[in-house]
Amino acid sequence: METLSNLAMGFSTALTFYTLILAIIGCFVGTIIGALPGLGPSNGVALLIPISFSMGLDAISALVLLTSVYYGAMYGGRISSILLNIPGDEPAMMTTLDGYPMARQGKAAEALVVSGVASFVGALLATIGLMIFAPYLARVAYQFGPAEYFALYMLAFCTLGGIGSSNQAKAAMAAAIGLGIAMIGLDKTTGMPRFTFGELHLMDGVDFLVAIVGLFAVAEVFFFIESHGKDSAIGVKLGKILVPWKMLRQTTGAMLRGTGIGFVAGVLPGAGASLGSFLAYMGEKSIAKDKSTFGKGNPKGVAAPEAGNNAAAGGALVPMLTLGVPGSGTTAVLLALLLTLNITPGPLLFAERPEVVWSLIASLLVANVVLLLMNVPMVKIFVKILSVPAWVLLPGVTMIAFVGIYSLTGSSFDMLMMVGFGVLGYVMRKLNIPTVPVILGILLGNAMEDNLRRAMVLSNGDFWYLLSSPIAVGLWIAAILGFVAPIFLRRLLKKPPVPTHDPSLNED
Amino acid sequence: MIKGDRIFGAFMLVVALGYILSARGIETSFMSDPVGPRVFPYMVAGVVILCSLVMILRPDPDEEWPAGPMLLQLGIALVALAAYAEAITPLGFLIPTAVVSGILSWQIGGNPGRSVVAGLGLAVGLFVLFRVILGLGLRGLPAGWGF
């Protein structure tokens, strides 16, 4: 009952005219961002944070706008997967496996409708799951002390690195680079500067927005220059959009199963949407009677991963809102948004600022309906936008990145640092080092150190205190398993190859 | 046989050692805690050193790295972006944006004519978007030229 009254309060904010307009704009922009190759939910949201901040939106409006963009980008990713065989973002990769073959068989419209509805089912059910589980987890989180939080951060780094990368050393390296960067600036406890080398600009530390925009958006430019903007031509013609009711009925089971798998994958810290869509696809394939048609245009192979990826996007919000630990790259960016808005996620958020949480949840529900309406009848508009050539798109994105940072900080130093992060992102991706742990490290580094030091104050410097509660021990065991297990599982869970050419992947 | 992983690992090894050296110089104040401000940086540097050693000893197969002309292209892009960061404050938004987005457009698309159009169009279009529609405080032209 309490949930319903809270939800009613949320809707009273989300259904005002102004907020509704913001949600619609966010959904529209998000779908475009998701659909464009080379722009995914992470860098889309990252680009828009500084801009919405400089526009002076209040916390709830900014949150509604950017979470609509986030959900929109999750929907949009499927469009280029199906039509171009280029995933607009990494979670949409599995959709290419059956979506592109369907489009080649002249069933592009059907594939778009099925995947749109699957996205809706996945995201809607996941948002309902968020409503049910988040308050519960928030109550559990009250029992977390500094030792438990420290273990939780370890878990996030270990699982994110362990599952998301093919080389544990590289994932750990990325996380450590991020943590190392987070140390720059004034030490909170003693007030002494660390690693600033006398540079005044570094006293406040490295702004995580600078790092995010650099690593995600600026690095992309270098990749496009190297590839000369290949892979950006439209290949498939789209006929009239009709709703294929029969196909929707056939794929209902696949959508529901995909949603369940995706939601669980999303709730696990570090796993995220890519894993959700991957597991949903593999799960659906393994129980299907017609296994051999997967990869050749089976609509279930479109419905399951698409439901899984959107459900995971919703599920990833559960640990992000209740514990302040993001479940994926994109939620890491959303965490950056919350911190920019001075909202500290965690159990206290639910108790002290319920209006923020519930208007966010209500606007997610609204955004879903808007996105379904936008993505099924109006999908042609987005297909047109896909034909924007890379030589206009990428310079434009770069300039937006610069303007965002410039209007936020007004300093050349920060923009130079952003370019530096762009180079770092390029080199790291060339070396197959994941970039998301760097972001996570910068975001969580200070909180992680703070919790370690507070734990040591409580225990007078006894390191065994970190393992003093059953919750902490459980988290440490999960962290170690999450880091080590993928080494053995990797042989079993090989990603199936994308139908033809290698796309410019965008890490999530 | 040169491997990217080995170079990066060696580089990070040096960075981590420098990091430790720099961390040794962090001053503590009278109101410190049992751990102090140096321990966590030491732990981070330790992880980096360990990972660097793994990368040096067991490198993954190399990716294809850009060579010769492409490296020059990437260098040009880097210089252009860095110059943009320095130029936007004194010169305003329009001129640097037109020039730099033109350069990037030419590097991606390879057609000079189209790139000029793209650069000019992006400069004007984005200026209208940011200044007029979104109301951000951007100066269009160099200081003293109006706008």
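Student: What should I know before I start?

Tutor: The model is predicted, so local features need pLDDT of at least 70, side-chain atom pairs count only at pLDDT 80 or more, and totals for chains, interfaces and linings use all residues. Residues are numbered from 1 along each chain as its sequence is written, while chains are lettered from A and ligands numbered from 1 in the order in which they are written.

Student: OK, how far apart are the end C-alpha atoms of helix α3 of chain A?

Tutor: They're 20 Å apart, and that agrees with the 20 Å its 14 residues (41–54) should span at 1.5 Å a residue. Helices here are DSSP runs of H or I, at least four residues, numbered from the N terminus. The expected span is 1.5 Å times one less than the number of residues.

Student: Where's the kink in α3(A)?

Tutor: At A:Leu48, about 25 degrees, shortly before the proline A:Pro50. That's the angle between axes fitted to the seven residues ending there and the seven starting there.

Student: And how many of its residues are buried?

Tutor: 13 of the 14 in α3(A). Buried means 20 or more other C-beta atoms within 10 Å of a residue's own, with C-beta atoms placed from the backbone.

Student: Switching to α20(A), where does that one bend?

Tutor: At A:Leu444, by about 50 degrees. α20(A) is mostly covered, with 17 of its 24 residues buried, and A:Asn460, which follows α20(A), has a positive phi near 60 degrees.

Student: What about α9(A), where's its bend?

Tutor: At A:Gly214, by about 35 degrees. In α9(A), 18 of the 20 residues are buried.

Notes:
Helix = DSSP H or I, 4+ residues; strand = E, 2+ residues; numbered from the N terminus. Buried ≥ 20, exposed ≤ 12 C-beta atoms within 10 Å, placed from the backbone.
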